[in-house]
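Here is a short tour of a model with several chains. Keep the viewer open as you read, and follow along from chain to chain.

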Amino acid sequence: MGRCAFQDPISENMTEVAAHTDGHDHGHHDHPSWLAHHFDDAEQQFDSGKLGMWLFLVTEILFFSGMFCAYVLYRNRNPEVFEFCSAFLNEKLGAINTGVLLFSSLTMAWAVRASQLKQHKLLVGMLGATLGCAAIFLGVKSVEYTHKWSLGLLPGRMYVAQMENGYHSDVDYLTPLCIAPAVLTVLFALYYVYSLVIASKFHQRVAGPLLVAGLCFFGGIYLGQFIEGGEHHGDSHGAHADAGHGEHASHDEEHAKEAGSETPAPAEASAASSDTGVALVSTSSGPLHDVAVDPKEAAIPNAEVNNQGMAGLFFSIYYCMTGVHAVHIIGGMLVISWLIVKAAREEFHSKYYGPVDNVGLYWHLVDFIWIYLFPLLYLIT
Amino acid sequence: MNFTFLADEAAGFWFPPAASTFAEQVDFLYMAILWISILFFVPIVIAMLYFMVKFRQRPGYKGSPEALHNTPLEITWTVVPTFIVVWIFWEGMIGYLDMARMPDDTVDVAVTAVKWNWAFKYKQNGAESTVLYLPVNKDIKLTMQSRDVLHSFFVPAFRAKRDVVPGRYHYMWFHPTKEGVYDLFCTEYCGDNHSTMITKVEVLSEEKYAAKLAELVKEPEDIVERGKWLYERKACKGCHYAGADGAKGPGPSYNGSWGKQVPLADGREVKFDENYVREAILNPGAAHRKGYETASAMPSYKGQLKDEQIDALIAFIQSLETAGAPAK
Amino acid sequence: MSAVTTPITAPTTTHDGATEHHYLNHSSGFLSWALTLDHKRIGMMYLAGILFAFFLGGVFALAIRIHLWNPNQDPDAAWLTNATYNRVFTLHGAIMVFLFIIPSIPAALGNFLLPIMLGTKDVAFPRLNLGSFYLWITGLIFFAYTLFSTQIDTGWTFYTPYSIEAKSAVEAATLGVFILGFSSIFTGLNFIVTINTMRPPGMSWFKMPLFLWALYATSIIQVLATPVLGITVLLLALERTFGIGIFDPSLNGDPVTFQHFFWFYSHPAVYIMILPAMGIISELMSVHSHKGIFGYRMIAYSSIAIALFGFLVWGHHMFTSGMADVTTIVFSALTFTVSIPSAIKVFNWLGTMYQGTVALNTPMIYALAFIFLFTIGGLTGLFLGALATDMHLHDTYFVVAHFHYVMMGGTLVAFLGGLFHWWPKMTGKMFNDPMGIVSAAIVFVGFNLTFLPQFVLGTRGMPRRYASYVPEFQSLHQLSTVGACILGFGLLVAGLVLLHSLFYGKKAPMNPWGGATLEWECSSPPPHDNFSHPPAVGDPYDFANVEYDGKTGGYYKKKK
């Protein structure tokens with residue numbers, strides 16, 4: 001860690017800082033309010049915070065690395081499972097989320113700059129934009145998750161998907177998931193109205209971004225559902241006609257074809273598939289029928305892959321990785337909200353912007369991890 | 001306090017009896033490391049005690065604080081141990097490679113570990129046993145699998161150990177050199193009765209081994225006897241006691257239940273009859289008994305037992321009730 | 001800092017009538033402790049907490065030894081049922097490892113001493129420090145919950161698949177471990193940042209006391225290894241709640257992967273336990289020999305070397321697990337590399353005594369006991385690192401004896417030595433030195449009697465974690481049990497000596513032993529802000545100017 005403190009170009013800050021630090025010894029009454037009593041000067045405080053955050057990021061990387069190791073091990077062992085399963089992930093949604101997070105990294109970096117330059121309004125705006133992006137991300141993720149749950153694409157022992165059979169749970173998972181965000185959004189809206197009533201600039205600056213973030217979550221939900229193609233609305237599992245599912249199905253079809261032609265249908269394998277009693281052969285008017293292969297043969301790779309120990313394991317890894325990542329997003333949203341409060345109080349300046357900088361680092365890491373997750377999970381084929 | 005092990009003339013103070021070709025190698029390395037350790041430890045302690053006395057704080061004495069650094073000395077005590085540990089590593093590796101290198105012409109035994117029993121199946125004639133019988137002076141190859149959790153196969157007299165991992169086969173080999181009966185332990189913690197997952201290895205002369213295998217392969221004719229025979233061999237015995245005293249094992253005891261209503265963990269009550277026993281063997285999770293909620297789970301025997309074997313087990317369990325005072 | 005603390009209006013008076021402010025009477029009331037940001041108070045709270053955990057773990061240890069007095073081959077006649085015994089040894093291991101040894105030296109002594117030794121007012125992140133303490137308390141609560149529900153019976157290693165199907169409170173225990181892990185991470189992070197950014201002018205890296213080097217190396221391990229444990233136990237908890245299958249062979253998962261994940265943390269964790277102990281011994285040997293440490297740089301480097309090599313040797317816990325032969329051999333080779341820095345340290349400590357002025361008081365006796373016990377612990381590691389012998393000794397009592405010699409004979413004894421050494425600084429009271437030496441002697445005898453027989457037991461094939469055993473092992477087991485009772489008694493004496501000092505101890509001088517590090521330059525106990533003036537930084541092992549003063553019963557530094 002180099003001791004390269006940020007060189008402040010703005011002279012008014014220089015004088016302000018000088019007023020704080022000039023000619024003082026270590027007595028803590030003389031410290032400015034933003035400098036903790038046990039630090040000698042702003043530089044030491046900033047360096048400590050920065051080093052601490054970098055170390056924390058290292059622990060975060062190692063925390064995720066456990067799951068990346070599991071990913072590598074199991075993908076290495078069963079590459080065909082990962083190919084088969086990744087087709088069930090909607091890469092359009094993944095790509096949108098990647099874009100959203102990348103954009104949020106930009107706004108976060110801008111926020112750091114704004115905090116250094118004492119551009120308080122811009123800072124609140126940028127933090128609000130980051131928060132909004134995070135909410136969109138979570139909204140899209142909610143659609144992805146609930147869509148998979150209703151198809152039975154669940155982790156490990158809970159995996160019940162029988163894709164060709166059109167397994168579809170009619171349980172509505174999305175609505176319960178939206179209750180907490182909805183309540184929060186309503187509260188934020190009330191808070192905003194309250195801030196307008198009492199005409200407090202500070203409260204308006206806090207409530208505004210929060211309300212926008214709440215709405216962004218539902219924007220994300222809408223976006224997700226739009227792209228997922230309305231499959232939640234019940235009528236799709238018989239029809240298979242609409243665009244979203246059609247895309248999925250064509251993936252399956254490709255896999256079935258590939259793997260089917262590779263596997264010369266050994267007797268025991270087909271016996272096993274009939275043994276399991278799961279009708280893995282397409283019985284509906286699904287697109288598999290269009291393929292000119294023996295349906296039984298086509299089903300064999302699915303029989304080997306489409307079970308709790310194979311596809312289930314993939315979805316375990318998928319949910320663990322993206323779930324832990326989502327928890328980090330939520331954690332990031334909490335600290336960004338805290339920053340918004342501080343920013344609305346106009347606390348940051350060129351000598352004290354460590355919190356924004358450090359949260360920014362954290363946010364870039366969360367973004368960075370997603371950049372790895374997206375191709376590793378969504379773009380396998 | 002009687003030091004029974006000192007009376008065991010087959011073994012010295014340190015080691016259990018040496019009954020395989022590995023023993024010599026392992027014991028040699030062990031003793032070599034022991035002497036190396038003593039060679040380091042004794043001078044360290046002597047120096048420590050000497051310094052304690054010689055340089056102790058006392059009136060009229062003041063130490064000289066000059067000796068803070070001595071490069072040749074420091075290099076010596078870095079380099080010499082380095083060479084020694086390289087030698088130890090090398091010897092250990094050679095011994096390990098011997099254990100890992102499977103010989104060609106072997107007597108094959110399949111080992112199944114299941115809480116908390118060992119079951120052995122001899123490839124030669126398909127005989128099964130719960131005590132491991134081995135011919136002397138032959139290379140033995142074990143193909144080991146676990147039906148539930150981790151176990152570890154350990155015969156101290158052979159100085160041989162290998163974990164048994166569910167979901168894959170592990171192999172090990174050794175070459176018994178001495179006839180006799182030796183302890184076989186499970187050394188990977190496996191639940192409630194881990195410490196009772198012990199049995200014996202009997203190393204026999206070649207003729208006796210052949211005779212034993214011939215004897216083992218015969219299943220008893222009588223259905224109750226056959227049930228008992230299976231009860232002992234299929235790992236039922238480890239958890240479900242069949243004694244007349246109704247001793248409570250990790251699982252429910254067999255006696256005293258036949259024909260009665262028994263409570264299940266989910267609140268139901270079912271009759272302890274043929275159907276219940278069959279269900280409990282094939283699908284233990286669904287027939288979980290009340291009072292055993294915290295016991296280790298029983299693995300399913302689906303595919304492990306043929307129908308007539310299940311019938312025999314049922315007959316055996318039933319006999320415990322009708323006979324009144326069955327043998328443990 | 002804390003708004004709720006209320007300064008005492010009438011500070012206590014000492015016998016000479018002078019009023020004295022120190023961190024203990026700086027403010028009073030429950031909240032002044034519960035919400036304190038003062039590293040010294042946090043350290044003292046940790047000390048109380050970990051001693052409680054140690055007592056709990058010790059009770060379980062005695063239960064194990066008493067149960068093993070008999071071979072227990074008839075389960076009906078045994079004192080504990082097999083299931084109970086399994087719970088007892090698991091709780092003993094888990095409590096001792098996660099709640100006692102890992103936080104013992106860094107969190108209690110380290111927290112108290114690190115800022116003072118650095119001449120600073122506090123650690124870099126005091127709030128985070130308090131947070132770590134409360135995470136530790138939360139972990140303790142989770143363990144208390146397991147204790148009062150169905151306990152845990154998986155062994156402290158939580159090996160799958162048994163831990164997946166075990167019908168005991170494994171979820172609560174794993175979440176407890178997860179939380180304790182973060183407590184440990186934040187402590188380590190705090191220490192690294194403090195040492196990096198807050199060293200006073202004049203204290204270069206190689207002017208740092210070796211205890212700080214040891215804490216620094218420890219902190220690196222804590223920060224780098226613990227997250228992997230965190231994700232591992234989290235996955236295990238998910239495995240049990242949702243059946244995700246990553247470690248479950250019935251779902252195609254691999255139990256050996258769990259072992260790799262687990263030991264990737266837990267082997268470095270062994271060095272989290274022993275490195276700070278080595279740091280303490282370096283201080284103790286030097287101060288009580290009144291002579292500079294022999295080969296300062298080698299000791300400092302070897303701490304870092306151990307920390308780094310420690311990351312590469314986790315596989316030696318799995319030599320029989322069925323890794324590929326090449327992997328096994330590489331791990332064995334790497335394992336031996338760790339033995340060298342440890343050996344160097346032992347020789348350096350002996351070199352420190354040479355031509356010194358060795359004061360044989362309680363802390364020094366504990367330090368000497370450490371050298372004896374740790375050397376045995378280290379040398380017996382050679383038997384386990386060598387592959388051929390490990391095939392025989394793996395998972396037997398030999399391993400149990402080995403790691404107790406290192407963890408208990410090493411870390412615990414060093415911890416006690418450090419506790420006696422810094423007790424006057426922490427509490428301002430001198431303890432009864434002869435009785436302290438008696439406690440050290442009893443601990444030493446009891447310890448050897450407990451664990452030396454276990455080496456023989458293990459070599460003769462006695463597997464670990466057995467509630468019952470074949471009768472030929474009985475006499476050695478009984479020796480071990482007798483030893484455990486003596487050891488327990490010795491620890492009780494040590495505890496009573498310290499407790500006695502709190503009420504009847506003489507007032508401690510500023511520098512009772514003649515140390516040259518900065519903690520001896522503030523009063524005992526230290527004032528709230530540690531130093532009224534920033535202390536002058538010199539060589540931490542230069543004893544040339546440290547002179548005894550008969551009036552105070554302590555030492556002082558002559559001004560040059």
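What pLDDT does chain C average, and what percentage of its residues score at least 70? Chain C averages 91, and 96% of its residues score at least 70; pLDDT is the predictor's confidence in each residue, from 0 to 100. The model is a predicted one, in which local features need a pLDDT of at least 70 and side-chain atom pairs count only at pLDDT 80 or more, while totals for chains, interfaces and linings use all residues. Residues are numbered from 1 along each chain as its sequence is written, and chains are lettered from A and ligands numbered from 1 in the order in which they are written.

**Confidence**

The model as a whole scores ipTM 0.91 and pTM 0.85. In chain C, the pLDDT is below 50 over residues 1-17, a stretch that has 31 contacts in the model beyond near neighbours in sequence. Two residues are in contact here if their C-beta atoms, placed from the backbone, lie within 7 Å.

Chain B averages a pLDDT of 85, with 92% of the residues scoring at least 70. Within chain B, confidence is lowest in helix α1 (residues 4-7), at a mean of 44, and highest in β6(B), at 96. Residues 1-10 of chain B have a pLDDT below 50, and this stretch has nine contacts beyond near neighbours in sequence. Residues 323-328 of chain B also stay under 50, with eight contacts beyond four places in sequence. Where pLDDT is low, the predicted coordinates should not be read in detail.

**Where chain C touches chain A**

On this interface, 34 residues of chain C are in contact with 31 residues of chain A. The elements giving two or more residues to chain C's side are α6 (170-198), α7 (210-242) and α8 (255-289) of chain C. Of these, α7(C) supplies the largest share, 10 residues. Helices (H or I, at least four residues) and strands (E, at least two) are DSSP runs, numbered from the N terminus.

**A helix and a sheet in chain B**

Which residues of α2(B) are buried? They are B:F22, B:A23, B:Q25, B:V26, B:L29, B:Y30, B:I33, B:F40 and B:F51. A residue is buried if 20 or more other C-beta atoms lie within 10 Å of its own, exposed if 12 or fewer, and partly exposed in between, with C-beta atoms placed from the backbone. The cover over these buried residues includes α3 (71-100), β7 and β8 (170-174) of chain B, together with α10 (325-353), α11 (362-385) and α12 (387-393) of chain C.

Chain B also has an open sheet of five strands in the order β4-β10-β9-β6-β7, with mixed pairing. Strands β4 (132-135) and β7 of chain B each have a single partner strand, so one side of each is left without a neighbour in the sheet. The twist averages 25° from one strand to the next. Strands β9 (residues 180-186) and β10 (residues 199-204) of chain B run antiparallel and are joined by five bridges; two strands pair if DSSP finds at least two bridges between them. B:L184 stands opposite B:T199 in β10(B).

**Backbone details in loops**

Most residues other than glycine have a negative phi, and most peptide bonds are trans. The table lists some departures.

| Site | Feature | Value |
|---|---|---|
| B:K115 and B:W116 | cis peptide bond | omega about -10° |
| C:S524 to C:P525 | cis peptide bond | omega near -10° |
| B:R159 | positive phi | about 55° |
| C:N252 | positive phi | about 80° |

B:W116 lies in the loop between β1 (107-114) and β2 (117-122) of chain B, and C:P525 in the loop between α15 (474-504) and β3 (546-549) of chain C. B:R159 sits in the loop between β6 (151-155) and β7 (160-164) of chain B and is buried, with 29 other C-beta atoms within 10 Å. C:N252 belongs to the loop between α7 and α8 of chain C and counts as buried, with 20 C-beta neighbours inside 10 Å.

Note on methods: Axes fitted to C-alpha atoms, helices over the stretch in contact; angles between N-to-C directions.
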